[in-house]
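Hi,

Here is the structure I said I would pass on.

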Amino acid sequence: MDIKKIFENNRKWVDDKLGANPDYFKKLSEGQNPDILYIGCSDSRVTAEELMGLSPGEVFVHRNIANMVSNLDLSVMSVINYAVGNLKVDHIVVCGHYYCGGVKAAMQSEDLGILNPWLRNIRDVYRLHKTELNDITDEEQKYKRLVELNVQEQCVNVIKTAVVQKAYRDRNITVHGWVFDIHSGKLIDLNIDLDKILKDIMEIYHLD
Ligand code: CO
């Protein structure tokens with residue numbers, strides 16, 4: 001990749017935006033008011049704005065390996081706190097994707113160094129859903145199901161935060177679990193029943 005090409009691309013992009021709207025960057029510089037927080041995988045094939053058809057200013061984005069929401073990760077916790085507490089987003093999306101390398105690695109018995117503690121969170125998801133997953137004989141189906149269950153558990157982790165619990169109580173905030181299907185390009189809504197999950201876990205995780 002010729003890095004210079006990126007600056008050329010950028011100049012073209014600026015020209016295109018200004019061609020369509022001379023005030024485009026003036027408007028952007030006035031501030032952001034996104035309605036959505038998107039938490040997705042760092043995978044280069046799974047873009048955030050592009051696959052949702054959204055533009056700069058419309059979505060607050062956090063990406064890491066395997067779209068994890070770990071309570072010890074200061075980065076994702078800061079993002080959630082800022083997006084919900086300050087930007088007042090109405091939607092939080094956790095978006096996984098089939099054929100996720102992070103999820104695949106967590107299904108294997110291999111020492112992956114610094115990735116071990118990160119991927120162990122996915123092994124914990126496997127353990128929580130071991131009965132269901134072990135009943136799936138087809139390895140590819142099991143892999144896809146673990147991607148979905150990982151999204152579900154990361155949504156649960158979002159709800160464990162005090163700022164989201166407060167937003168649930170005070171205003172209309174919705175947590176969504178989605179999967180991007182790399183084979184078709186389609187976004188799939190897992191329709192996770194978070195109200196039900198919330199009722200089940202709040203006895204333990206209630207903070208506010
Ligand atoms: Co991935």
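Let me start with a term: on a 1 Å grid over the protein atoms alone, a pocket is an open set of points where a 1.4 Å probe fits, with protein on both sides within 12 Å along at least five of seven lines, and a lining residue has an atom within 4 Å of a point. Points are joined across faces, edges and corners, and the volume is the space filled by probe spheres set on them.

Before the details, note that this is a predicted model, where local features need pLDDT of at least 70, side-chain atom pairs count only at pLDDT 80 or more, and totals for chains, interfaces and linings use all residues. Residues are numbered from 1 along each chain as its sequence is written, and side-chain values use heavy atoms, leaving out hydrogens and water.

The largest pocket holds about 510 Å³ of space. It has 21 lining residues, and the closest to its centre are Leu128, Glu153, Asn157, Lys160 and Tyr205. Helix H6 (115-128), H8 and helix H10 (194-205) each give at least two residues to that lining; helices here are DSSP runs of H or I with at least four residues, strands are E runs with at least two, and both are numbered from the N terminus. By class, the lining has 9 nonpolar, 8 polar and 4 charged residues (Ala, Val, Leu, Ile, Met, Phe, Trp, Tyr, Cys and Pro count as nonpolar, Asp, Glu, Lys and Arg as charged, and the others, Gly among them, as polar).

The second largest pocket has about 160 Å³. Its lining includes Ser70, Asp73, Trp118 and Asp124, and splits into 3 nonpolar, 3 polar and 3 charged residues.

Now the sheet. It is open, with 5 strands in the order E2-E1-E3-E4-E5 and mixed pairing (two strands pair if DSSP finds at least two bridges between them). At the edges sit E2 (59-64) and E5 (186-189), each pairing on one side only. E1 (residues 36-41) and E3 (residues 91-97) run parallel, joined by 5 bridges, and Leu37 stands opposite Ile92 in E3. Helix H8 (residues 139-159) packs on the sheet, touching E1, E3 and E4 (174-181), and its direction makes about 155° with that of E4. Contact means heavy atoms within 4.5 Å; axes are lines fitted to C-alpha atoms, for helices over the stretch in contact, with angles from 0 to 180 degrees between N-to-C directions.

E4 and E5 pair antiparallel over 4 bridges, with Trp178 partnered by Asp189 in E5. They form a hairpin with 4 residues between them, and Gly185 in the turn has a positive phi of about 80°.

Cheers
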